[in-house]
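Reader: I have a two-chain model open. Can you walk me through it?

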Amino acid sequence: MEISTQKQMPPAVQAEEKVASPWAEAWYSFKKNKLAVIGMMIVLFFILLAIFAPVIAPEGINDQKLDARLQAPSADHWFGTDDFGRDIFSRVVFGARISLWVGTFAVMGSIVIGCLLGILAGYYGKWIDAVISRAFDIMLAFPSILLAIAIVSVLGPSLQNALIAIAVINIPNFGRLIRSRVLSVKEEEYIMAARAVGMKDSRILFQHILPNSMAPIIVQGTLAIATAIIEAAALGFLGLGAEAPNPEWGKMLADAKQFMIQAPWTMIFPGIAIMLTVLGFNLMGDGMRDALDPRMKS
Amino acid sequence: MKKRIRFMFLAFIFILSIGLAGCNNDSGGKKTGGESGADGGSSSGGTLVFGRGGDSTSLDPAITTEGESFKVTKNIYETLINFGEQDTEIQPGLAESWEESADGLKHTLKLREGVKFHDGTDFNAEAVVFNFERWKAGNAEQFYYYNSQFGDVIKEVKAVDEYTVEFTLNRILAPFYKNLAMSPFGIASPEAVKKHGDKYNENPVGTGPFKFVEWKRNDRITLVKNEDYWQDGLPKMDEVIFRVIPENSARMNALNTGEVDIIDGVNFSDVESIESNPELQTFYRPSLNVAYLGLNTERGPLKDKKVRQALNYAVNKQAIIDAFFAGAAEPAKNPMPKTVAGYNDDVEPYEYDPEKAKALLKEAGFEDGFEIELWAMPVARPYMPDGKKVAEAIQKDFEDVGVKAKIVSYEWATYLEKTRVGEADTFLLGWTGDNGDADNFLYVLLDQDNIDSNNYARYANQEVHDLFIKAQSTNDQAEREKLYKEAQLLIKEDAPWIPLVHSEPALAGRADITGFKPHPTGSDLLATVEFTK
């Protein structure tokens, strides 16, 4: 016992000396988590793939060669070709753009709206809280993919509408999270002090409460990107997301399912792409939670 | 950390084992399928399960226009005149013989004696008259086919004696007998019609080889053998069940596992695997169809004939056939297939030529192209196994000449309704002939009378209309063919469609099935089908 506590002491002291801000401290503990780093590398890999897609992909997304359909993977076509003779590798690479775009922007949308509603509900309480919280309850009562399907059917199937639908269904998750943070933060003494010196509500909200509630939002946001990518793929698979000829991964799966037996590569590669990105975001999100959550640090 | 790695390892094993279990099931299923399918293994009898893509909308053929319904009613009802086994030549049906008066306005039909309806009542001239009076009394909403085929033509139907019926017409109707052979004109039992009233379409009673037992909507329709059928030795099967399995690949799986015995709407991409399976065989339905991309002549740039012609030059039909019809189709240049009398083989097709298409677009003032909607049907049709894929190929063809197409799709009924009222720019559709007459293709699909009905392209040309009407009102076959050939030239020039293909739809069944003859009209008589094992 004694020995072990002694051994643990020096690093803690070191950390205190070297690390200046809580963010840097979080980064330090994140780096120690190997799985999280792997996750981050996967995510970075796909981001690079998305940015440099036109350079990396040997062909365009809709270069049909109907005489070269369903060819097995080869030196010419690393991932084979689909039933229009299009290069699957190129389509998967360009697909990274779509999935990351939908994932990121859908989550950003839900964060912005969710935070606003959550702060209003948490800070003002009373009937505002009641209305907003019950609205969240109602939304959470729906199976999320069902709600997304309903929204897309109303707006009409397109990638953009799928993005909106995914953003909407994720609003209550962020709303609730931020509301509970606000509820606890607003009782802190420094907020009391700010109010006592007559600071305006808006300034308290956006300069004190919001920054102090950011950590869980970042963690939740990273994990939500993973879910959003899966939801976008599901909508694409159901024919409610990206339109032809966009190489959305879920849509590629749907198009390929009739060739599952004779040309499995048409399904395998988009499937792996979805799995890897989602895994990457999940590992990274887990690592960030461990790093940012004060309770996990003991 | 360690815990998590162990957990992930376990999860990985778990996923792997699910995958392996799946593989196992698959091969196991196939084996048992072969055995269970052999239930009715004697030379005749047993149950035949027919898997198809959609449910019937009605079991009273007179009130529907939809092919899935006729597939079933063809086996419950019989018509006065029959089509040949695999063609549309006229043959005796419930009428044994017929005579035409010199002026072509009176037709006398001699009926078969000793035929009984499934409810035990007699089939006779009175029953025929009753049916025609019933259809005549209804409006076009109710009895669409009667009104479109006979509406203003049949003046009177009367029973001369117990087994003789006389039709009096207002004007000559060239395809009169072919029309009589169409499924919607199956003769129903008058007693049953009176008894069931509005519910008759759920309680069909005819004279056909099979009797109706049960209809579970969107699931199955069960028919049993008509023991008193007038043709000795038929039907061979004791029971026929029509099962609805919407998804093409799911239907194919059901055949593989022995759940069903025959399926229609086979993906052409599956044909290869069926042929290599000794337990299965493929059937091809003789082609009496056309698939086309309609160009709505009332919308946007498509109003311009040059634009429509340009789009005709832009589409590579042969590539589409090779890719999505496994070669089992011919490129179309006319709105009807070659087998129909009056087909004009001298029409010069629009060959695939993107440069020419671009030049024509430039002439029409659309040098930079334009944007347009391209509608694709959501369901597999006999003439078009996968509309969305074909649409994607055409989308690319259009893109190559600078026309940006957006693929749009609706649920099938909505799709038809919206195209009917002219909301689509360009749309995939097709037609399977009802009676093999040119009138049934050209007039029905492209006459100005049928705008808001089956003329989805909303094509109107007075000259063409005059030709059609002239052809309808003569019995001189050579003259009719000449008129239709002339009309096809005009239609080609106006280009209200991009005629795509005439295909031979593929069906598949157990290898031990004999006597199954797919009919070009799409409704198959199953009386002669049997298992030989």
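Author: What follows takes the helices, the contact between the chains and the cores in turn. This is a predicted model, in which local features need pLDDT of at least 70, side-chain atom pairs count only at pLDDT 80 or more, and totals for chains, interfaces and linings use all residues. Residues are numbered from 1 along each chain as its sequence is written, with chains lettered from A and ligands numbered from 1 in the order in which they are written.

Reader: Which parts of chain A does UniProt call "transmembrane region"?

Author: The unreviewed entry puts that annotation on residues 35-57, 98-124, 136-156, 162-178, 217-242 and 262-285 of chain A. UniProt positions are given in the numbering used here, feature names are shortened, and annotations may be inferred rather than shown by experiment.

Reader: How much of residues 98-124 of chain A is helix?

Author: That span is 100% helix and 0% strand, and its end C-alpha atoms are 39 Å apart. Residues 217-242 of chain A are 81% helix and 0% strand, with end C-alpha atoms 28 Å apart. Helices (H or I, at least four residues) and strands (E, at least two) are DSSP runs, numbered from the N terminus.

Reader: Is helix H12 of chain A buried or exposed?

Author: 8 of the 8 residues of H12(A), residues 249-256, are buried, so the helix is largely enclosed by the rest of the structure. Buried means 20 or more other C-beta atoms within 10 Å of the residue's own, with C-beta atoms placed from the backbone.

Reader: What do the buried residues of H12(A) pack against?

Author: They pack against helix H5 (88-124), helix H11 (214-237) and helix H13 (265-292) of chain A. Among the buried residues of H12(A) are Trp249(A), Lys251(A) and Asp255(A).

Reader: Other topic. How many residues of chain B are in contact with chain A?

Author: 15 residues of chain B are in contact with 13 residues of chain A, contact being C-beta atoms, placed from the backbone, within 7 Å. The largest share of the chain B side, 5 residues, comes from H12(B).

Reader: And the cores? Which residues have the most contacts inside the largest nonpolar core?

Author: Leu293(B), Ala310(B), Leu428(B) and Leu442(B), in a core of 137 residues. A nonpolar core is a set of buried Ala, Val, Leu, Ile, Met, Phe, Trp, Tyr and Cys residues joined through C-beta atoms within 7 Å. Helix H14 (residues 438-446) of chain B gives the most to this core, with 7 residues. A second, separate core of 68 residues includes Ala226(A) and Leu253(A).

Terms used: Buried ≥ 20, exposed ≤ 12 C-beta atoms within 10 Å, placed from the backbone. Contact = placed C-beta atoms within 7 Å.
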